[in-house]
Amino acid sequence: MSEAGWLRHGLSIGFVEFRRTTRGMRRNKGRLALLVFGVGFWTVSIAGLAILFTAPLRSLDAPIALPAAARGGAALAWLFGVYIVGQRVLSQYSHVDSEAGMLTTVSARSVATGLVIAELLRAASYLLAPLLVVTGLVVYIFGTPLGVATIPLAAGLFALTATIVGSAIGYAGALLVARSRFVARYKTILGVAIVTVIFGGYAAVVFFGADELGIGPALFAWLPVGWYVDLAAIGSPLAFSTGHVTGVIVATLAVLGVGGWAIERLTTALWFADPVEPTRDEDAADAAAAASPATRTDADSRTAARTDTGLTGGNGALTAALGRFGAVIPTRASRPTRRVAAKALVRTWRNPSRLTILLTPVVIAVVSVFNATQFGAAFAVAPVAIVLLLPWLAGATFGLNPFGDEGAVLPATLTGGISGRAFVRGLALPGLVAGLPLTVALTLAAGWFSPYSPFEVAGLAALGGVLVAAAVGLAPVIGMRIPRFSTFSVRGSRDVVPPSITAGIVYTIVLLGPGVVAAVALVVPALLRGFLAALGSGVIPFVLRWLGDRGVPLVTGPAPWFEGLGPAIRGLATIEVRAGGYALPLFLLVVGGLLGYRAAARRFDTYEIT
């Protein structure tokens, strides 16, 4: 039963939760800077494009037909918003902060309403600036003052319905994890599979286009959530549909009613139920309880014997936690190295939120790159993206914050007798064993559909292998030099200690800088030649002369030499650009990986906790 003032309580909870988020963002300057940059980038881009096309837009004859692709694109954006909210709710709201006090003072409806309002306010913080810019530009370009009301109304209902449906799906997933032992045990594998299907479908619809596969955004124009475009178009030269406006209002009311009822029922079942224990096998436990003491003693002895000679050298807990995935770690490695590798795998397996944080920039990079390509170009970009992103992920997953990942046991790890070389090899082992074959195999598979020659595909695969080896050597030393020990709180999961943003930026530049140069030299040598020529004869001399004009001594002297460098670079043959641009970065990556490995080992051996 809900109390009389549940809506007022929900509003209070929502605003408090949102204030907690803003305070956390203010404490984390790096995340705040990335948020401001991302929102600012899209806002400025929208404003720039609108200003650029102001005259052509004004010259169009009204009414302007509203294409089906616009409605379908809005529907796809709504579905993507549902996925984002559902993923957040599933990972953060399986349990409520201070739930003993919250759930005994107000109803589950009040708490769920507050959490939905908090999510809506977070979405508004991302969308408010672009929304204001779009509204202002539409009113200015078309002279339609009614857009001041209709555009924010459509955007608000769009965000509200996506938040409600996403929250319901997230709570349903959390309830499934809490009730099903199978889902709880394999939630990481199931989650990766679901994400792969979702983003694979999104890529097929958005990146490949309707002309090639017949499944473009216009295919989803029939969904009522895409009709918010018609609501926003009221009062503008766009030809909106009255039937669509009526339909989207009815659909919104249905979502509010059905979605609110579903969220209340799901949260009540979730928050007041005892979750299953995914690691417990009830049949085995019952059999063990029914066995005689002698039988249990013999079984325990055999189990102890197996764990003493097993993967972790006597650490049966790690062996049991890894299960079949223990085969990933080669038995040829030394016992301390296998123990470190096993612990890194278990840490990632038991707390997949760490992997989610690392996957976020990868997903953003993939979406950003492919959004700028057409169907044919997507097949050309895919092998290069795989070669660069998978090695980055292989090194960052296990080695970009070694000291922070150890947490409270760091003193014991440093004084436990393990050498720095064994520790770093243990961190590198999972990335090498999993990342190397996966990178090479996927590169070759993507290269089969690409326009590249077999020689170029083989070169990309070799580059991917070198990048993986360099990544697992560079990530630990950068993470040890720029560690992070503060936790990132994720509700419903363990606290996560993500790598430092500074470490991530340095790691990305050091690893992907040479990788990009080598990939471009291999597949588009003319682009690299033109870039280097422009850099040598234009950019560098300009910077040197600019500094010299402001009193910096001895910087204008090399400017004429650089100006003559451009023509020399343009005169290089394609084979020379390809050979030098490919071989030199690979040499730097190999040397950098080896030096990084040794430096990380020395850092571990000499590190002192302050």
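Me: How many aromatic pairs does the count come to?
Reply: This is a predicted model, in which local features need pLDDT of at least 70, side-chain atom pairs count only at pLDDT 80 or more, and totals for chains, interfaces and linings use all residues. Residues are numbered from 1 along each chain as its sequence is written, and side-chain values use heavy atoms, with hydrogens and water left out. Rings of Phe, Tyr and Trp (its six-membered ring) pair if their centres lie within 6.5 Å, and planes under 30 degrees apart count as stacked, over 60 as edge-to-face and the rest as tilted. By this rule, the number of aromatic pairs is 6.

Me: Is F80 buried, partly exposed or exposed?
Reply: Buried means under 20% relative accessible area, exposed over 50%, and partly exposed in between, with a 1.4 Å probe and protein chains only. The relative accessible area of F80 is 34%, so F80 is partly exposed.

Me: What distance separates the end C-alpha atoms of helix α4?
Reply: The expected span of a helix is 1.5 Å times one less than its number of residues. For the 25 residues of α4 (residues 68-92) this gives 36 Å, which agrees with the distance between the end C-alpha atoms, 36 Å.

Me: Which residue lies over the face of W6?
Reply: A charge sits over a ring if NZ of Lys or CZ of Arg is within 6 Å of the ring centre and within 35 degrees of the ring normal. At 5.0 Å from the ring centre of W6, the residue over its face is R109.

Notes:
Helix = DSSP H or I, 4+ residues; strand = E, 2+ residues; numbered from the N terminus.
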